[in-house]
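Dear colleague,

I am handing over the structure we spoke of, with the sequence alongside.

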Amino acid sequence: MQHRTAVSTVVSALCGALALALPAQAASARQAGHIIVFGHRGASAYAPENTLDSVQRAADLGVDWVENDVQRTRDGALVVIHDTTLARTTNVEQRYPDRAPWSVGSFSLAEIKQLDAGSWFGPDFRGERIPTLQEYLDLLDDTGQGLLLELKQPELYPGIERQTLDVLGRADWLDRPHLARRLIVQSFSAPALRTTHRLRPEVRTGFLGNPPVSQLKQYAAFTDEINAEQHSVTAAYVKAVHGMKGAHSKAMRINTWTVDNAPAATKLVRMGVDGIITDRPDLIESATRRHT
Ligand code: G3P
Ligand code: CA
């Protein structure tokens, strides 16, 4: 938290207080017909992925949307972490050497909260914790950012769709303003998105992948966006996606990941994508600004 405050102060001085103080206004300006830039796992080139520091770093850079990954602990808490094991992004192997393979779902929240989720990235981030989804939403309430929430391997966590919607609802993230401008639920799992759409049809959803054009209509029944890996995207595919009406009867959108260099972003913008998911949102913001 101290690190977040320090980063915030420095960047604020560099960028000017106004841009930082008005995230909601900045969001609407950027989204008015422009490419949306999503900070992948926060601003994960600059801070440990999926931590609150990473979200704050993205906010400090003026990034309006962040992407995360949601899973569940053994005792039923929703936490934000990408891998299904704790090994790569925490010190779990040192702390619990006998518990390989260190699956997220085999640890309690209290145990997970003991872990250092920052030192692997750099010494400045020592002591950073894996956030709960609730803690993550609380920070977004402060920054005003939108959330591209990924249900990560939902087949490991039966019922996680309903549970996630419950947490979002209790945090007031299913009200009209959030539904219209600040929330998209995505997954590689079509069944999880179908379930999400069935439970709360008003929530925007995105399918991670690139279904063949011939199958887009089936996906359009429960999803609004196709979020495709960058190398699978062509201008023809973008056109085909835009030609479909999604689950909310609007033209389907297409976002692409994980794009961390300006020439690739520029090429994708020229193909017509609606959004870019990136570890380097500042770089991609500036590259796409020149082309919109
Ligand atoms: O948002 C797109 C991206 O997050 C999907 O891949 O593995 O980074 O979760 P992954
Ligand atoms: Ca993800």
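Predicted model: local features only at pLDDT ≥ 70, side-chain atom pairs only at ≥ 80, totals over all residues.

The protein has 292 residues, of which 53% are buried, and its secondary structure comes to 14 helices and nine strands. Its accessible surface is about 12,700 Å², with carbon and sulfur atoms accounting for 53% of that area. If one takes the contacts between residues at least 6 apart in sequence, 61% of them join residues at least 24 apart.

Helix α4, which covers residues 52-60, is largely enclosed by the rest of the structure, because eight of its nine residues are buried. Among these buried residues are Leu-52, Val-55, Ala-58 and Ala-59, but also Asp-53, Ser-54, Gln-56 and Asp-60. After α4 comes Gly-62, which has a positive phi, near 85 degrees.

The calcium ion (ligand 2) is coordinated at 2.1 to 2.3 Å by Glu-67 and Glu-150, each through OE, and by Asp-69 through OD. Along the chain, these donors follow the spacing E-x1-D-x80-E. Glu-67 belongs to strand β2 (residues 65-72) whereas Glu-150 belongs to strand β4 (residues 146-151), so the pair ties together parts that lie 83 residues apart in sequence. Both Glu-67 and Glu-150 are buried.

With best wishes

Conventions:
Residues numbered from 1 in each chain as written. Chains lettered and ligands numbered in written order. Heavy atoms only, no water. Buried < 20%, exposed > 50% of the residue type's maximum accessible area, 1.4 Å probe, protein only. Helix = DSSP H or I, 4+ residues; strand = E, 2+ residues; numbered from the N terminus. Donors = N, O, S within 2.8 Å, 3.2 Å for Na, K, Ca; no water. Contact = heavy atoms within 4.5 Å. Areas by Shrake-Rupley, 256 points an atom, 1.4 Å probe, with all protein chains shown as cover.
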